[in-house]
Structures are given as C-alpha cells and as structure tokens.
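This report describes the fold of one protein, from its overall composition to individual helices and residues. Please consult the sequence and structure shown here.

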Amino acid sequence: MKILIFGHILDNKDIMTMFFKSKLVVVDETAESEEALDLVRFYDYDAVLLRLADTRSTEIELIRRLRIGGLRCPIVAVAHSLGESSRLRVLEAGVDDLIVNATSQEEIFLRVQNQVRRSRGFQSPSLVIGNVQINMNAKKIFVGDIEVSLTKKEYQIVEILALRKGCVLSKEAILDHLYGGLDEPNPKIIDVFICKIRKKLLALGADELIETNWGRGYLVVEKRSPDYAPQANPAEPVEQDDARLRTGMFLRVGT
C-alpha cells in the first residue's frame with residue numbers, strides 16, 4: 001500500500017509516518033498544496049491522508065481540487081479537534097472519512113486501510129481470491145488454513161497486485177510501491193520475487209494467482225475451475241426464457 005500524507009511534518013521521526021511504515025506502507029509526504037497536486041498526477045496512491053491543524057481555506061481548497069482533478073482514491077482527514085461547522089466543511093469538500101481525536105495511530109491506520117480495501121471492491125477484512133486469503137491486518141497470506149511463508153517484500157507484491165485485481169502493473173510500478181523511488185534495484189528483481197511467490201503458493205495447492213502479461217507486467221487474476229457453470233435464476237427458469245423467445249419470434253414473423 002502506498003499513501004500520500006499532507007500536512008506539517010515536525011521532523012524525520014514523525015510518529016504517524018513511522019507507524020504507517022511499520023505496517024509495510026510506503027509513504028510520501030508534503031506540506032505544499034501544489035506539490036501534493038503534482039504527486040497525485042504522477043503516482044498511483046492507494047489513499048491520501050490529510051493532517052488538519054485547522055480548517056484553513058487552503059486545505060479545504062486542496063480537497064476540492066483533488067476531487068475536481070479526478071482523484072479516485074480515498075481521502076482521509078485527521079485532526080485533534082474540530083468544531084461541528086469545521087467538520088461539515090471538510091466532509092462537504094469531498095473526504096471519504098474524517099477522524100477527530102483518534103485514540104491511537106492503529107485506529108488511523110485501520111480506518112485508512114479499510115477505505116482502501118473497500119475502494120478496491122473488497123468488503124471483508126481479508127482479500128479473498130480463489131482459495132488464497134490475504135489478511136491485510138495481520139499482513140499474512142493463507143492458502144486454505146495454511147499460512148504461506150513470505151518475506152515482507154513478497155507479501156507487499158501480492159497485496160499490491162491483489163488490490164488491483166485484473167489490472168496489469170509494470171515492474172517499475174511495482175518497484176515504486178515497494179521502495180517509493182528510494183534506492184530501487186533493477187526492475188528484473190520483480191521477476192525473481194514473482195517466481196519465488198509462485199513456487200510457495202503452488203507448493204500449498206493455491207489456485208493460479210499471478211499471471212504474466214508479456215512485455216507489460218503482472219496481474220492478479222481469479223480463475224474459475226473448468227467445471228464451473230453459472231446457475232440459472234431459480235425465479236426465471238431457462239425453459240421459460242426459451243418459450244418467451246420462441247413466442248416473440250412467432251409474433252415478429254406474423255407481423
């Protein structure tokens with residue numbers, strides 16, 4: 001998961017930033033509105049987290065400009081205290097969640113993560129694809145009830161691709177989500193990671209999860225078993241559909 005944190009940063013040992021990084025989140029930070037707008041144009045963030053010292057017009061305007069600019073990822077605002085009128089202004093501007101006086105960094109993290117997960121179409125706490133379960137809270141992956149032994153980077157790759165199920169990610173895009181542009185290795189390292197992940201999943205009987213799109217990158221797919229067949233709607237049997245089609249055909253011929 002990769003997020004952008006906007007707001008005044010006290011120092012390089014900021015508690016919130018360090019906590020998110022401890023949860024395997026890649027974090028970019030800025031306190032400048034124009035830089036924030038540029039960053040969301042160039043990078044694929046999973047969420048934007050706004051730290052509100054107050055509800056200055058510049059911060060409200062930034063939220064509006066992010067939405068007008070087409071930003072689709074969740075925007076979560078966090079503040080120590082806000083009056084009712086200020087809360088309403090922030091919500092009206094277009095944030096997906098507003099956290100006031102959070103009890104812990106864990107609460108902020110979980111609420112951001114929940115927004116990210118739901119925005120990608122997953123409602124339950126785990127991302128379930130075939131017989132593979134990705135527990136984002138525990139940062140663990142299971143095949144059935146068996147945990148897959150993955151390194152942190154291997155887990156991150158699966159999570160990155162799973163959140164974008166069906167979408168091809170280039171090696172460079174995956175690297176950006178792993179390293180955030182800092183000390184990135186050769187893109188070929190992604191091939192090595194994917195190979196190791198596939199072997200570990202296959203050894204536990206996992207459904208085919210990561211597919212190669214030659215020349216473009218990798219994607220997570222959910223493949224149905226060969227004997228899968230969609231069931232007819234019990235309220236409207238197939239025979240009735242066929243009869244209605246035949247009747248319609250006769251009516252058209254007779255007109």
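## Overall organisation

Contact means that heavy atoms lie within 4.5 Å. Among contacts in the protein between residues at least 6 apart in sequence, 58% join residues at least 24 apart. The protein has nine helices and eleven strands; helices (H or I, at least four residues) and strands (E, at least two) are DSSP runs, numbered from the N terminus. Of its 255 residues, 40% count as buried, where buried means under 20% relative accessible area, exposed over 50% and partly exposed in between (1.4 Å probe, protein chains only).

The model is predicted: local features need pLDDT of at least 70, side-chain atom pairs count only at pLDDT 80 or more, and totals for chains, interfaces and linings use all residues. Residues are numbered from 1 along each chain as its sequence is written, and side-chain values use heavy atoms, with hydrogens and water left out.

## Helix α1

In helix α1 (residues 15-22), the buried residues are Met16, Thr17 and Phe20. They cover an arc of only 100 degrees around the axis and therefore lie on the same side of α1; the arc is that of the directions from the helix axis to the C-beta atoms. The elements covering these buried residues include β1 (2-6), β2 (26-30), β3 (47-51), β4 (75-79) and α5 (105-119).

## Packing of α2 and α3

Helix α2 (residues 33-42) packs with helix α3 (residues 57-68) at an angle of about 15 degrees, their axes being 10 Å apart. This makes α2 roughly parallel to α3. Axes are lines fitted to C-alpha atoms, for helices over the stretch in contact, and angles run from 0 to 180 degrees between N-to-C directions. Angles under 35 degrees count as roughly parallel, over 145 as roughly antiparallel, 65 to 115 as roughly perpendicular and the rest as oblique.

On the α2 side, the contact is made by Ser33, Glu34, Ala36, Leu37 and Val40, and on the α3 side by Thr58, Leu62, Arg65 and Leu66. These residues divide into five nonpolar, two polar and two charged (Ala, Val, Leu, Ile, Met, Phe, Trp, Tyr, Cys and Pro count as nonpolar, Asp, Glu, Lys and Arg as charged, and the others, Gly among them, as polar).

Lys165 lies in the loop between α6 (152-163) and α7 (171-179) and is partly exposed, with a relative accessible area of 36%. Not counting residues up to four places away in sequence, Lys165 touches Ile129, Val220 and Glu222.

Ala203, in helix α8 (residues 189-203), is exposed, with a relative accessible area of 64%.
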